[in-house]
Amino acid sequence: NYHANLWGFDYDDTNRSKQYDSNITDWYHHLKGKVSLESIVDYNLNLSVIDIHAQSENEFIKFLFTNNKKNEIQYLINAKKCEELNSWQETNPWEKEHVNIQEKNKNFYNLLVKTYKLEKNTYLKRKYAFQLIRAAYYLNDYKTISTTFEKQFKNSTKDYLYYWSLFFNCFTKNDPSKWVDVANIMANCPEKTNACYYYFHSDFNLKQALTAASNPKEIANIYAFSSLQKADKNLENIKNIYQFNPNSKLFDFLLLREIKKMEDWVYTPYYTNYLPSVEIYNHFWNDSKDKVTTQTLRARSEKDREYALQVLQFINSINFDNINNKALWYSAQIQLLFITKNYNDCITKINNFQRLFPNEKIGKEHEKIKALCIVSNQEFGKAILPTQIQSVVLNNMKDNRFIFAIARELEFRGNIIDAVALLSIINTSTSN
């Protein structure tokens, strides 16, 4: 359940699920929705410069030619040529004439500079500015990156073109303001989150970044970027983010991420007798010379329940009126109450949640947690599978992890017969 990839943009087209990057939706709105989003995606992912012509079957390209959108067509041609430059690949495999690739790139780059300067249309000029900045990066022309960004984007609307350009501009800077830019990109630009982390996380300096922050939101973003690098406990950073920007989108994500870490740290050793998946240096096992036994695993689990209680106490101290995604934070309370074995309070919170948020999909997960609370809140030797939760168990027989957890809770409380019966019906061939 440890999902860091929940933040950012999924570029895997097979899993895209109608998620479109900002460039796609930008073209869609520019053409007032008169072409489909999928046709723009098709151009973006599948077409090359030689596919842009009046006989194209692509709806997006066909519309531009039919409506005599000459400037837009020329831009798309140049954009595809930029892809060649950026990837160092030739588009036309049938080209017989040998061409010096460096000279060809330089000639096109010079033409791109000229085209950008001559473009009068504000919409296309900003797009050309980004193409120029990206091309300059691949040709190591950092001066052009800086000057173009300063002129075209520094004081412009902070849309996706601003942040995409800012990403490349970060490579030109060596002062602490660079880290502020990096943190702002991570917080505001889903398409650049992975690249931003990949290129900049290893040299990121929290103290330097904080000295360059100019407002509370930037401070929160800096703590958020620092948080993304922590596989260990991150509560202090989360508190700082809340202090400076309680409505940060990364704030919600990082809370969910922290709970996922605690689920791993507590549930994996508790239910399976295995070490957690997320192990970090200077943590429990690295400080201990004890052998890994059932007893040490349980001790590890209990130690991390104490940390879960600290996170729960922080959440309880928050005024939920200041939070955008209230359902998420109520759900966080529910999960943490179960992790910390506050079963009665957890059940009460679940009942309240169902009343406040009757249409939330997470309610089905809460039913499972409620069932686990009821089973877990029984004395040793007296544990049964109560009638009130049997329907929940029956409705989730294909959820192997849930059935396994119910079985283990029964086992821990002395009901070996029912535990073994439940374990015997788990289908190990399914993925869930």
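What share of the 432 residues of the chain counts as buried? The figure is 48%, where buried means under 20% relative accessible area, exposed over 50% and partly exposed in between, with a 1.4 Å probe and protein chains only.

This is a predicted model, in which local features need pLDDT of at least 70 and side-chain atom pairs count only at pLDDT 80 or more, while totals for chains, interfaces and linings use all residues. Residues are numbered from 1 along each chain as its sequence is written, and side-chain values use heavy atoms, with hydrogens and water left out.

**Whole chain**

Start with a cartoon view. The chain has 22 helices and zero strands; helices (H or I, at least four residues) and strands (E, at least two) are DSSP runs, numbered from the N terminus. Contact means heavy atoms within 4.5 Å. Of the contacts in the chain with a separation of 6 or more, 60% are between residues 24 or more positions apart.

**The core**

Select Phe60 and Trp329. In the largest nonpolar core, which has 129 residues, these two touch the most other members. Helix α14 (residues 249–272) supplies the largest share of this core, 12 residues. A nonpolar core is a set of buried Ala, Val, Leu, Ile, Met, Phe, Trp, Tyr and Cys residues joined through side-chain atoms within 4.5 Å. In soluble globular proteins, nonpolar side chains tend to be buried together.

Stay on Trp329 and show its surroundings. Leaving out residues up to four places away in sequence, Trp329 touches Phe251, Asp252, Leu255, Phe314, Ile315, Ile318, Phe320 and Ile323.

**α14 against α21**

Next, select α14 together with helix α21 (residues 400–412). Their axes are 10 Å apart and the helices pack at an angle of about 60°. Axes are lines fitted to C-alpha atoms, for helices over the stretch in contact, and angles run from 0 to 180 degrees between N-to-C directions. α14 and α21 are therefore oblique to each other; angles under 35 degrees count as roughly parallel, over 145 as roughly antiparallel, 65 to 115 as roughly perpendicular and the rest as oblique.

Show side chains here: Tyr270, Tyr271 and Thr272 in α14 meet Phe404, Ala405, Arg408, Glu409 and Phe412 in α21. The contact of α14 with α21 comprises five nonpolar, one polar and two charged residues. Ala, Val, Leu, Ile, Met, Phe, Trp, Tyr, Cys and Pro count as nonpolar, Asp, Glu, Lys and Arg as charged, and the others, Gly among them, as polar.

**α9 against α10**

Move to helix α9 (residues 177–188) and helix α10 (residues 193–200). Their axes come within 9 Å and cross at roughly 150°, and α9 and α10 are therefore roughly antiparallel to each other. On the α9 side, the contact is made by Lys178, Trp179, Val182, Ile185 and Met186, and on the α10 side by Thr193, Cys196, Tyr197 and Phe200.

**Single residues**

Select Ser226 in helix α12 (residues 216–227). Ser226 is buried, at a relative accessible area of 12%. Beyond four places in sequence, Ser226 touches Phe204, Leu206 and Asn237.

Then go to Ile389 in helix α20 (residues 387–395). Ile389 is buried, with a relative accessible area of 2%, and touches Ala371, Ile374 and Val375, not counting residues up to four places away in sequence.

Finish at Leu385, in the loop between α19 (363–376) and α20. Its C-alpha atom and that of Asp418, 33 residues apart along the chain, are separated by 7.8 Å. Setting aside neighbours within four places in sequence, Leu385 is in contact with Val375, Gln390, Val393, Ile406, Leu410 and Asp418.
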